[in-house]
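Let's take a walk through the inside of this protein.

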Amino acid sequence: MRNLFRSRGIYLLLTLSMLWSCDFDRDDDVPEPEPDNHFVSSTYIGEFPKEVLQALALASPENRDFASVVQYDVEFYRINYTTQYKGEEVEASGLLAVPQNTPAVPGLVSAQHGTMFKDSDAPSNFPNTFSGFELIGAAGYITVVPDFIGYGTTSDIFHPYYDEEHSAQTVVDMLKAAKYFLNEEKIATNGNLFLVGYSEGGYVTLAAQKEIEENPDHDLSLTAVAAGAGGYDLTLMMQEIVATPSYADPAFLPFIVQSYNTTYGWNRPLTDFFQEPYATKIPSLFDGTKIREEINSELPNAPASLFTPDFYAALQNPAEETALKEAIAGNSLLDWVPETPTRLYHGTDDEAVFYSTTVSAYEAFTAEGSTSVELVPIPGGMHRTSITPMMLDVLTWFNSLNQ
């Protein structure tokens, strides 16, 4: 009799429990959505001994000073992941470096490369190309290096150059994909997350920092950020380029104009912007087969000779070319207050991305109350000579925080 009562009591409790669970107004009846990890696939590239990576550094004039930081063998993977381009899902790519046999669990670094013109230079093409950021992995950090939209698996898209939304999203989504892959492979990180980038990569780094800080739903917590020579105040940058009689890197100018022309769907003829024969040449110059020096050699250094007279005059008139100027202003990274410890590096004699643009960003941040941003001038540094002193300082700084 006691057992029957117990059975009936259990049945009653189960029935009440089932009735309670049918209350459709309760929030916990709605299944939690699976987090979007963005991961698509990985390709194992291989394990490279530290001696090979040291040799690669020594063979590269821009990276030979980093040979001394190489301490570990590194496994490399090509990662494919989903991201957004103009509101549509695309499959992007990047490189993942995993140091081997580190004495402690490593931190995670996302490294953003500078302006590139040649498709085959995409970081995921390693070892057929060498960006130098692979050496961060050899220094003991798990490192992701996004190709960016327009390179690697998305080379059929014209790169959205200096576009805040796409710059940020490609980094954030690759970080999520990489973290998913590392978890699946049971490769641990110590929880520290660093961002670093130079030139366009400096801009992309700050765009990603802004996105991460302003959107906690990404579930990414930053430890420190280092950005170099990024041209964050694009309005000031364009004003100073237009005002100069000679610009050292004319390849940058058609790149940003045609990028905005494509990304924002204006689809204006290049003759609206550029004089002949340059308007006709530009599509073949930016077809992904040429490096910066080859493009520069085909373009005049004087902006007044590259742009049409009407367009050149319109750039100097606040009432004209408003769509382009609004896009440039809208993609300038001045309208937020960085919270993560951040260092802004810039060579004081930079001839390609002017030092004043970093000063302007630093002053905007501090004027809004940011106490986390530090300006680090590189005295006498030019665009290509400043990355080495910056990166040597960055690695020392990251190491001091990677506890």
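A cavity here is a set of grid points where a 1.4 Å probe fits but cannot get out, and its lining residues have an atom within 4 Å of such a point. With that in mind, please note that this is a predicted model. In this model, the second largest cavity is lined by Phe148, Ile149, His159, Pro160, His166, Ser167, Thr170, Glu200 and Val204.

The protein has 403 residues, of which 52% count as buried. Its fold is made of 14 helices and 9 strands, and the C-alpha trace spans about 100 × 55 × 40 Å along its principal axes. Take the contacts between residues at least 6 apart in sequence: 78% of them join residues at least 24 apart.

How many cavities of 30 Å³ or more does a search of the whole structure find? There are 2.

| Space | Volume | Lining by class |
|---|---|---|
| Largest pocket | about 910 Å³ | 14 nonpolar, 10 polar, 6 charged residues |
| Largest cavity | about 170 Å³ | 12 nonpolar, 2 polar, no charged residues |
| Second largest cavity | about 50 Å³ | 4 nonpolar, 4 polar, 1 charged residues |

For the second largest cavity, H4 and helix H5 (200-214) each bring at least two residues to the lining.

Three helices each supply at least two residues of the pocket lining: helix H3 (134-138), helix H9 (292-296) and helix H14 (387-401). The largest share, 3 residues, comes from H14.

In soluble globular proteins, nonpolar side chains tend to be buried together. In this model the largest nonpolar core holds 78 residues, and the members that touch the most others are Leu96, Leu175, Leu206, Tyr247, Tyr260 and Phe274. H4 gives the most to this core, with 9 residues. A second, separate core of 36 residues includes Val74, Phe76, Val109 and Val376.

Tyrosine 260 is worth a look up close. Leaving aside neighbours within four places in sequence, tyrosine 260 is in contact with Tyr161, Tyr162, Leu234, Gly265, Trp266, Leu324, Ala327, Ile328 and Asn331.

Serine 167 is found in helix H4 (residues 164-184) and is one of the residues lining the second largest cavity. Is serine 167 buried or exposed? Its relative accessible area is 4%, and a residue counts as buried under 20%, so serine 167 is buried. The side chain of serine 167 reaches the backbone oxygen of aspartate 163 at 2.6 Å. Beyond four places in sequence, serine 167 touches Pro160, Tyr203, Val204 and Ala207. Of these, Pro160 and Val204 also line the second largest cavity.

Threonine 244 sits in the loop between H6 and H7. With a relative accessible area of 19%, threonine 244 is buried, because the cut-off is under 20%. A polar atom of the threonine 244 side chain lies 3.1 Å from the backbone oxygen of serine 246.

Glycine 94 belongs to strand E3 (residues 88-99). Its relative accessible area is 0%, so glycine 94 is buried. Which residues does glycine 94 touch, not counting those up to four places away in sequence? They are Tyr77, Arg78, Ile79, Tyr81, Ser124, Val145, Pro146, Asp147 and Met174. Valine 69 is 25 residues from glycine 94 along the chain, and their C-alpha atoms are separated by 23 Å.

Terms used: Residues numbered from 1 in each chain as written. Predicted model: local features only at pLDDT ≥ 70, side-chain atom pairs only at ≥ 80, totals over all residues. Heavy atoms only, no water. Helix = DSSP H or I, 4+ residues; strand = E, 2+ residues; numbered from the N terminus. Buried < 20%, exposed > 50% of the residue type's maximum accessible area, 1.4 Å probe, protein only. Polar contact = N/O pair within 3.5 Å; in protein donor to acceptor, adjacent residues only side chain to side chain. Contact = heavy atoms within 4.5 Å. Core = buried A, V, L, I, M, F, W, Y, C linked by side-chain atoms within 4.5 Å. 1 Å grid on protein atoms, 1.4 Å probe; cavity = no way out; pocket = protein on both sides within 12 Å on 5 of 7 lines; lining within 4 Å. Points joined across faces, edges and corners; volume = space filled by probe spheres on them. Nonpolar A, V, L, I, M, F, W, Y, C, P; charged D, E, K, R; others polar.
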